[in-house]
Amino acid sequence: MRKEIVFIGITLLLLIILIKLLSSDKNSQIVKSSTPTPTPLVILEVFSDTIFVKLPETDVEIEAKTLAEIPIGTHIKASDNGRGQLLYPNGSVTRLDFNAEITLGEFNNSPFRVNIILEKGRVWSRIVKLLGGEFYQTETSTLIASIRGTSYNHGFLADGSARGIVTKGKVFMQCKTLGSELVVEKGNLAITDCDKRTESREISKQEFEDPWIVFNIQQDEKLDSRFGKDRYSDE
């Protein structure tokens, strides 16, 4: 009789341990399944001096730190000597020159879709090879510059005209009001006010020696080493 009681006791103890183990594993699975997948982030990298950001739905402008997360709708402004770049998860970047101001109007990682609203100064874009349904564009109040993988500068002249300089690939500059499109090939620049002035020609040697252009070509080479040159569409 005593042996039977001992056997029953051991059996019950083993059942209790088994139930606890199964319950623990189930709870673990619930925790794992309820953990959200991290959303790929847009990161700000500061090269020099100061970059200021104003987050969406706020009026407070703060000094940004390198590797700060940048949500959609953020306004980014470079100081007189400030330069920085937005780094997207796929290795594409938007670089700000001195005194440039932009807003991250749209960002989606998969499919990759970015719209940068350029409000002042100039930016440089280095974009990976894009697939169908993906796009990257920089936009002003009058013009949209869009690409399918390239390196280009988009900025303003003193009279308010937009200027695009393309060192790799090609850029499509489309005026919002007229609907006209200007294709800017590698090694060329285009200037337009989307009204009376439109100019397209090769980039001069002097323009290639612009410190901003030289700086970006050097930074593009660093991206090649960082993420792999094959990631970018240069032709």
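This is a predicted model: local features need pLDDT of at least 70, side-chain atom pairs count only at pLDDT 80 or more; totals for chains, interfaces and linings use all residues.
Two strands count as paired here if DSSP finds at least two bridges between them.

Gly-84 sits opposite Leu-96 of strand 7. The two strands make a hairpin with 5 residues between them, and in that hairpin Gly-91 takes a positive phi near 100 degrees. Strand 6 has another partner too: strand 1 (residues 43-48) pairs with strand 6 in the antiparallel sense, over 5 bridges. In that pairing, Glu-45 stands opposite Gln-85 of strand 6.

How much of strand 6 is buried? The strand is mostly covered, with 5 of its 5 residues counted as buried. Arg-83, Gln-85 and Leu-87 point one way, Gly-84 and Leu-86 point the other way, and all of them are buried.

Now step back to the whole chain. You'll find 3 helices and 18 strands in it. Of its 235 residues, 41% are buried. The accessible surface comes to about 13200 Å², and carbon and sulfur atoms account for 56% of that. As for the contacts between residues at least 6 apart in sequence, 48% join residues at least 24 apart.

Next, the nonpolar interior. In soluble globular proteins, nonpolar side chains tend to be buried together. Here the largest nonpolar core has 41 residues, and Leu-86, Tyr-88 and Tyr-136 touch the most other members. Apart from that core lies another one of 8 residues, including Ile-191, Ile-203, Ile-213 and Phe-215.

With a relative accessibility of 2%, Tyr-88 counts as buried, because the cut-off for buried is under 20%. The structure holds 5 aromatic pairs. A pair of aromatic rings is described by the distance of the centres and the angle of the planes. For Tyr-88 and Phe-107, the ring centres are 6.0 Å apart and the planes lie at 25 degrees, so this pair is stacked. The two residues come from distant parts of the chain, 19 residues apart: Tyr-88 is in the loop between strand 6 (83-87) and strand 7 (93-96), while Phe-107 belongs to strand 8 (residues 101-108). Phe-107 is itself buried, at a relative accessible area of 13%.

What is the geometry of the rings of Tyr-88 and Phe-112? Their centres are 5.8 Å apart and their planes are at 70 degrees, so the pair is edge-to-face. This pair also links distant parts of the chain, since Phe-112 is in the loop between strand 8 and strand 9, 24 residues from Tyr-88. Phe-112 is buried as well, with a relative accessible area of 1%. Ring pairs tie Tyr-88, Phe-107, Phe-112 and Tyr-136 into a cluster.

From there, move to strand 11 (residues 135-139). Of its 5 residues, 4 are buried, so strand 11 is largely enclosed by the rest of the structure. It pairs with strand 9 (residues 113-120) in the parallel sense over 5 bridges, and with strand 12 in the antiparallel sense over 4 bridges. Strands 11 and 12 form a hairpin with 3 residues between them, and Thr-138 stands opposite Ala-145 of strand 12.

Glu-139, also in strand 11, deserves a look. Which residue is its bridge partner? It is Ile-117. At 18% relative accessibility, Glu-139 counts as buried. The side chain of Glu-139 makes a polar contact of 3.0 Å with the side chain of Asn-115 and another of 2.6 Å with that of Lys-176. Leaving out residues up to four places away in sequence, Glu-139 touches Asn-115, Ile-116, Ile-117, Leu-118, Ile-144 and Lys-176.

Last stop: Thr-150, in the loop between strand 12 (143-147) and strand 13 (151-156). Is Thr-150 buried or exposed? At 0% relative accessibility, Thr-150 counts as buried. Its side chain reaches the backbone nitrogen of Gly-169 at 3.3 Å. The C-alpha atoms of Thr-150 and Lys-168 are 5.2 Å from each other, although the two residues are 18 apart along the chain.

How values were computed: Residues are numbered from 1 along each chain as its sequence is written. Side-chain values use heavy atoms; hydrogens and water are left out. Buried means under 20% relative accessible area, exposed over 50%, partly exposed in between (1.4 Å probe, protein chains only). A polar contact is a pair of N or O atoms within 3.5 Å; within protein, one must be able to donate a hydrogen and the other to accept it, and residues adjacent in sequence count only if both atoms are side-chain atoms. Contact means heavy atoms within 4.5 Å. Accessible areas come from the Shrake-Rupley method with a 1.4 Å probe; for residues, only the protein chains shown count as cover. A nonpolar core is a set of buried Ala, Val, Leu, Ile, Met, Phe, Trp, Tyr and Cys residues joined through side-chain atoms within 4.5 Å. Rings of Phe, Tyr and Trp (its six-membered ring) pair if their centres lie within 6.5 Å; planes under 30 degrees apart count as stacked, over 60 as edge-to-face and the rest as tilted.
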